[in-house]
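Thank you all for coming. I would like to take a few minutes to walk through one structure, starting with a pair of helices and ending with the chain as a whole.

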Amino acid sequence: MLPELGHFALILALLLAGLQAFFGIAGPGLARDRWSQAVTTAVAGQAVMVATAVACLIACFVSEDFSVAYVAENSNSALPLFYRVTALWGAHEGSLLLWILLLAAWTVAVVLGSGRLPTRFAARVLGVLGLVSFGFLLFTLATSNPFLRLDPPAPDGRDLNPILQDPGLAVHPPILYTGYVGFAVAFAFACAAMLEGRLDQNWARWTRPWTTAAWSFLTCGIALGSFWAYYELGWGGFWFWDPVENASFMPWLVGTALVHSLAVTDKRGLFKSWTLLLAILAFSLSLLGTFLVRSGVLVSVHSFAADPTRGIFILVFLVLMIGGALTLYAWRAPLLRSTAGFELGARESFLLFNNVLLVIAAATVFAGTLAPLISDSLKLGTLSVGPPYFNPTFMLSMLPLLALLSVGIHANWKRGRLQDSQRTLLLTFVAAAVLGCGLTFGIYSHGRLLTPIGATLGIWILLSSLVDPVDRWRRGMVVPRAVLGMTVAHMGLALAVIALTTVQSFTIERDVSLAPGGMAKVGDYEFRFDGVRPVEGPNYDAVAGTLVVTRHGAPVAVLTPQKRHYFVQRQVTSETAIRWHRGNNVLLALGEDLGAGRWSVRIQIRPLVSLIWIAAFIMAVGGALAASDRRYRTARALVTSPGETSAGQTI
Amino acid sequence: MTRFMTRFLLPLGIFALLAVVLAIGIRHSPDKGIIASPLLGKSAPPFSLPNLTDPTQSVRSADLKGHWYLFNVWGTWCGGCREEHEMLLQVRRAGVVPIIGLDWKDDDAQALSWLSQLGNPYQSVATDHSGREAIEWGVYGAPETFLVNPQGIVVYKHIGALTPDTWTREILPRVSAAPAGSS
C-alpha cells in the first residue's frame, strides 16, 4: 500500500511540476497575471507530493518491506535503524528522489524569499525550477522508480553497501546535493533574466545570496566527502581526483567564479553576460556531476552498473536543459551591454583574473575527468588520468590565483591606483614570506620547493584579508556581514592552502608487517602491536588489532583499527583508527593477515590534515555569513522605487 | 556584428561537441564491463555445487566442458533478475546455448517457487548460500551473466539485466561464430 501511495504521489508531483513550469513560463510570456499567480500553488502542491513520496519510501525502509525492490537491494533486517533511514540515498533511485526533494525545498525557499521580487520575474524563476523538477521526476518515474515491487517478495534484503554504513553517509550526500541543487536557483534566475531580456544590478543583488548559500553547502559537502573517504575508505588520502570527486569539484570552482562575478555585476553593473554564462555553467556541471556518477559513463569507485537507457535519457535531458539555456544565451546575451569601464589595476581586473583562472582550473579538471571517456570513444585505447596530471595542472592556475588574491583585495573598484596601498602590500608580503619560510624551516628543517611558496601565499592571504576589516574596525565603522563573510571565507582559503602545503610536504606513509609484541618506529612515533581479537557487530564480524602508540616513549594512545566482514554483501571494509595528536594525524589501517599472528599494518602520519576540513568549513561559514547580509533583504525598496528601475537596463 | 554574435554562440557549439562525445561514450559504456572483469580470457573457476532442484545431485563445471554455456548469477531478492527473467526464458526457447544458474545467497524454497511461478530458463541451478562461489567469479551485484566457451574460458561478461541487445550483439555472434564441431 505505502509504495503505491508513494508512486502515486510522485506521479502527481510530476503533473504539478509540469503545471508549475507552464504557468511560470507562459504566464509572464503571455502577460497573464492569473497564470503567474497560480505558480506558487503548484510549487506548494509539488513540495507536498514529493515529501509524501519520500516519507513513503522511508516508511518502507523502516518497516523492512522487502517486497519493494529498492528496499530489498539496499537494506537488511539486521541493519540498524539509523542506516535503514539513510539507506534511502544509498543507491541511484533514492539519490534521485533526494535530489527532487531538495529541489522542492529550495523552490519553497525561493517562494518564501521572493516577496521582494517583481511577480512576473518570480514566476519565471519558479517556472524554470519547475522545468528542472519535471525532468528529474520524469527520469525517476520512467527509468528509476524506487517503488517497484518484487513478486514474490524477498525473504530478506541484500543489505546496504558496507562502505556506506557510516555516520558520514548520513550527512555527506544530502549536504552535497543541497549545494548541487542550489545552483539550480542561480540557473533559474539567469534563465528568468534572459527570458525577461533585462538584467540590472538588482538582479545580481537578488541572485547573490542564493548562489552564495548554495556554494557554502557545496563547500561543506565536498569537505565532508573528503573527510569520509579519509577515514572510511582507509586508503589514507583526502583527495584522489576520482571522477566522482571531480564531479563535485568542477561546479565548486565555477560556482566560486560565479560568486565573484556576481559581486562585480552587483557593485558595478559589469560582466553581465559572463555572469549569466557562469550561472548556466555551474548548474550544468552540477547536472553533469549528478549524472556522470549515476549513468555509468565514467566508471569509478562510487558508481553503479551501466544502464544504457538511463544514460540516453540523461543525455537527452542535458541537451534540452543546457542546450536550451545556451541557445537562450546566444540569443539574448548579445543585447546586454555594459557601458561602464574600469582601469587595469582596479578591483574589477583582479576579479576578472579570478574568474578566468577559476574557469581554467575547472576546464583542466574537466579535461582530465573526461579524457578517459574521449580516448575510449575515439578508440585511442583505455587511458587513465591521475594525480600526476591533476596536481601540476591544477597548481598552474591556482598559484597565480592565490597571489592575485592578496594583491586584488587591496584594490579599489573602478580606479586602478594600487600605489595607495603599496606600503600595505609590501608589508604583508614581507611578513608572510618571513613567517612562511621561517615556520617551514624552523619546524621541519627541510621541504620541497613549493613548501615555502605555499606557506608564504597562505599567510599572505591571511594577513591581506584582515587589513580591510581591521582598518574599518579601528576607524569605528561597522563591518557589514558581507565583508565579514568574505574575510572569513578568504581566511578559510588561506588556512586550506597552509594545511595542503604541509600535508603534501611532510606526510609519512609506511606499510609494516608486525608480529604480536613487534615494534615499528615511524617519524617521531613508536607503534607496538598487541595482536588481534575478534569483534562482533550487528551485521558484520571483525578483527580488531591493538596498537599502542608512543612518542619518544611517552604514551599517546591505544588504537584499534578493524577489518570488517559484512555477512550479506560479503564485503570486507577497513575501519581505520585515527588519533589527532599535536597537530599530527596518526592513521592506522589493518592490512592483510600474514599468518602466524603477523599482520600488515599501514601507518600514516599527516601533519595538519584535519585543518583542511576545518578550513573548508570556515569557508562555508564565511559564505553563510555573506549570504545573510541585510543588504540583500532590503533590496525590495530599491525595486519599487521608480528611480532605481530606470537605472536598470531594458531591451 | 557577426563576430560579436559568434562569441555568444561559442558556448553552445562547445556543448554540442561535448554532447556528441557523451553520446558516443554512452554507446560504448557497456564495453567497460568487459575491461572490468579480470576473469575475461581466463578459465572459469571450477565448481561443484548442490543442485537446487535435487540437493543430492551436484552441478559441476567438469560436466560442462566441451559446451558453450551461460553462467547467470541471480537471486529472488534481486529486482534486475526479475527484469531479465523473460529474456532468459527466450534464450532457453532459442535453444542455442544452455543457461546454468547460480542462485546466490537465497532461500531454496523461495527460489523454487520463483521458478515454478515464472518459468525455469535454466538447464540446472546451483545454489550458493554462503556467497563463496560468487566471490570466485568476481560478482559484485546480481544479475551478472558470463559466457563460457567449450574450453572453459570466460569470453564475455554482462553486468545487469540481460537485454535483447546484448543477446543479439554480443552473445549470439560469439556462440555462432565458433566452429560447428566445438559446440
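Let me begin with a crossing: α1(A) passes α6(A) in a left-handed manner, where left-handed is the term used if the near helix is turned anticlockwise from the far one by less than a right angle, and right-handed if clockwise. Before I go on, please keep in mind that this is a predicted model, in which local features need pLDDT of at least 70 and side-chain atom pairs count only at pLDDT 80 or more, while totals for chains, interfaces and linings use all residues. Residues are numbered from 1 along each chain as its sequence is written, and chains are lettered from A and ligands numbered from 1 in the order in which they are written.

Helix α1 covers residues 2–29 of chain A and helix α6 covers residues 119–143 of chain A, and the two pack at an angle of about 150 degrees with their axes 7 Å apart. Helices here are DSSP runs (H or I, at least four residues; strands are E, at least two), numbered from the N terminus, and axes are lines fitted to C-alpha atoms, for helices over the stretch in contact, with angles running from 0 to 180 degrees between N-to-C directions. α1(A) and α6(A) are therefore roughly antiparallel to each other, the cut-offs being under 35 degrees for roughly parallel, over 145 for roughly antiparallel, 65 to 115 for roughly perpendicular, and oblique for the rest.

Further along, helix α15 (residues 450–474) of chain A and helix α16 (residues 481–506) of chain A have axes that come within 9 Å and cross at roughly 165 degrees, so α15(A) and α16(A) are roughly antiparallel, and their crossing is left-handed. Among the residues that meet are A:Leu457, A:Ile461 and A:Leu462 in α15(A), and A:Leu484, A:Met491 and A:Val497 in α16(A), contact meaning that C-beta atoms, placed from the backbone, lie within 7 Å.

α16(A) also packs on helix α17 (residues 609–627) of chain A, with axes that come within 7 Å and cross at roughly 165 degrees, which makes α16(A) roughly antiparallel to α17(A). The crossing of α16(A) and α17(A) is left-handed as well.

Turning to the domains, chain A is divided into domain 1 (2–335 + 612–647), domain 2 (414–507) and domain 3 (508–609), with bounds that come from an automatic or database domain assignment. The C-alpha centres of domain 1 and domain 3 of chain A lie 39 Å apart, and their contact takes 14 residues from domain 1 and 17 residues from domain 3.

Finally, the secondary structure of chain A comes to 20 helices and 10 strands, and the C-alpha trace of chain A spans about 85 × 75 × 55 Å along its principal axes.

Terms used:
Two residues are in contact if their C-beta atoms, placed from the backbone, lie within 7 Å.
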